[in-house]
Amino acid sequence: MSKKLPGQAQVVIIGGGIVGCSVAYHLTKRGWSDVLVLERKEVGSGTTWAAAGLLTRLRQNQEMTNLAKYTVDLYEGLEAETGVATGFRRNGALAVCQTDDRRKELLRAAAMARAFGIEMHEVSLAEAEGYVPGINTSDLVTAFYLPHDGVTNPIETTRALAKGAKMGGANIFENVKVTDITLENNAVCGVITDQGDIRCEYVVNCAGMWGRQIGQMVNVSVPLHAAEHMHAVTMPIDGLKKHFPTVRDFDGVTYFKSESGGILFGGFEAVSKPWGMKGIPEEFMYTELQEDWDQFQAFMDCALQRFPAMETAQIRHLSIVPESFTPDTVFMVGQAPGIDNFFIGCGMNSVGIQSAGGVGRALAQWIVDGHPEEQLWPVDIKRNFPWQQNARYLHDRVIEAVGTLYHRHFPNRQKTTARPVICSPIHDRLAENGAAFSMTAGWERADWFAPKGVEPVHQYSWDKPNWLEYQRKEHMAVREGVGMYDLTSMGKFLVQGPDAEAALQKVCANDVAVPVGTIVYTPVLNDRGGFETDITVTRFSEDAFFIVTAGATTVRDFDYFKRHIPGDARATITDVTHGYAMLAIMGPGSRDLMAMLTNADLSNEAFPYGTAQEIDVAYARPWALRMSYVGELGWELYIPSMFTLPVFDAIFAAGKEAGLRLIGMQAVNSLRLEAGCRHWESDITPDETPYEAGMGFGVDLDKEDFIGRKALLAQKESGLKRRLVMFTLDDPDIMLYGSEPMYRNGVWMDNLRSGAYGFKVGSAVGMGYVKNDSPITAEWIREGKYELEVQGKMVPATVHIKSPYDPDNQRVRM
């Protein structure tokens, strides 16, 4: 390692684990050689060294899969490049199923794998025994084989990346502790260490378990908490292959890897053991914790069942090492909100080895190019909120988070720990009326409503969950009568000042220079023309605009606006999310119900679609916005929070006469999908443009300039080679949940971005992109034969260029 600590570097990376070394390696590959890695002890000595070294390429979506695929390919060539032996081997993997539900999940996974170019197929139990001699399959339903997954030695792979980084000009210093980070004009400008100060332009937090403390130095939320993670290694066992495929018994929460003639086994228990509540000892290095055989018992039980030879095998060593996990069990990468040039790459949730190559490359792209080559919202640090630094919350959630890696990943599966965090003002009223709650961004939201006598508890299924019939009734109430839902969780901003309009005109693709009381739907784009978000902007006054965005993206969107409002503009943006509740009254009966609550003129002439007014409801003066995300006539009421409970009570009382039904988020999702309303993060992302998404109505190219305009002009000139379409199924009994592969004339197009049951059209409904090398026309779309792969079966699908329900969007204007 390097000797003399420099006083300046272009990039300082805090943490010399496998992720930090990968970031340095990839920065040098981009030609940035003035890179400095600071490791508090020795490279890889935190948690990297103790990892099992399993490499799987299939992840939960295409972007994460691409990161993992790249990682495996990178590791395969590292030894030849650097001369450091890594222990890399493509030994394959075998996933076994103890239940039919697990088989359904893995059939879906196998369909995704094929779409992503990964070989994964179901095998007989006899074939499984051939791949892994000595395995017991008597209690299994089936197994799936992935021949190109692999293993690597974590510490040697880290050393290979470190050597590769040094070959590219980077410097790595061990035994250097970062004690603070310095800022200038809200941008990082240096780090303070126990051996001197270093000026720099960029700081990358790859500090692993220490990542939360590093984030706190600049008041950035990096929510993670350590838990004890454990595996054991046996002495050699007769009859085992020297290198058998990694076995993952998800239902048994245990993995098995060949190791020196024996078996290394560990896993992800349902109830984990938090660690580090009093801090991490200063001397922590290659540290193992005290053995806990009681905590390890779940893995031992599975091992005895899965490999009968374990009955007489001798355990050579039980390794227990703390490892950090995030509240949603998804790692964190990207530029931190609120601070320029501070990047994150930590909270790896036990997939650090298999993800580090892709994460290092993505962060290098982010630093050098300003963005990764494909959108990474699922792992973006900006999905997290400041309150998630709460130590008790992190402790209570990590108890559950570890086990979610191997639990059954049913659609809409909810976390149960560390709740509730945030409740709307009418939470208790919803609970009294049978609400089963889901959680988004910390908010408790009514997911569906159970009738009297039915317990409001989620019972998950890949087929038809227990709430489907209640969801149907809620869905149809909005289509045929009137319903009300609570979306107080929506993010809400106020942009104010003499330059507010000019600032928004630069950021918004649509024209927001509109009369007071007008609502504008607008995409917010990047320079490539892709969606950074989509919002509604309501002009409250000449110099005040009210923005509504999704609750889950509040931090991200607020940060985007802050970064793009000029510093010299006479305009401010304020997050007023918790200052307003939002109750939506929707359906063909909504005007009649609203007329019972207010003396405002609700006619089309006096209150047209796309306008907003302050009106009287009960004893309050909420803003009523005539907009709809569910494809029906209706109003969204934005109510100052302290007035919300009486307003709800007044609506609910009047609703008894009008047939009002309370609506949960499951029905809101199926309603919006049936009506063709897009959802940012799934249907539209930074990689898709408004024209590709069929949302060109939200773009005004006549504006002189806005971010993304040049890219959109170029795309209009060249034609679209990708287009969002919708699907319905002939078979009314098949469910769609999103991620199902789409095929046109036998050629994979995309995976469904969203899926739900369309109760009005009588079929599951899905949304995804078709693509073509030549410009796409409506005729080309319609002439194709479409199929969706659902749990291993190809299902015929009917394509729709517009939504299958109310394709011309007339019902919202009734």
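**Cavities and a pocket**

Strand E22 supplies the largest share of the lining of the largest cavity, 4 residues. The model is a predicted one. Start with this cavity, then move on to its partner and to an open pocket.

The largest cavity has a volume of about 60 Å³. Two elements each give two or more residues to its lining: helix H10 (427-432) and strand E22 (443-449). Find Trp443, Glu444, Arg445 and Ala446 among the lining residues. His427 and Leu430 are on the list too.

How many cavities of 30 Å³ or more does the whole structure hold? The search finds 2. The second largest cavity has a volume of about 50 Å³. Helix H8 (residues 352-369) gives the most to its lining, with 4 residues. Look for Gly358, Arg361, Ala362 and Gln365, which are among the lining residues. Leu67 also lines this cavity, and so do Pro372, Glu373, Glu374 and Leu376. The lining divides into 4 nonpolar, 2 polar and 3 charged residues.

Now turn to the second largest pocket. Its space comes to about 770 Å³. Its lining has 34 residues. Which of them lie nearest the centre? They are Pro337, Gly338, Phe558, Asp559 and Lys562. Helix H13 (554-564) and strand E28 (572-575) are the elements that give two or more residues to this lining. H13 gives the most, with 6 residues. By class, the pocket lining has 16 nonpolar, 13 polar and 5 charged residues.

How values were computed: Residues numbered from 1 in each chain as written. Predicted model: local features only at pLDDT ≥ 70, side-chain atom pairs only at ≥ 80, totals over all residues. Heavy atoms only, no water. 1 Å grid on protein atoms, 1.4 Å probe; cavity = no way out; pocket = protein on both sides within 12 Å on 5 of 7 lines; lining within 4 Å. Points joined across faces, edges and corners; volume = space filled by probe spheres on them. Nonpolar A, V, L, I, M, F, W, Y, C, P; charged D, E, K, R; others polar.
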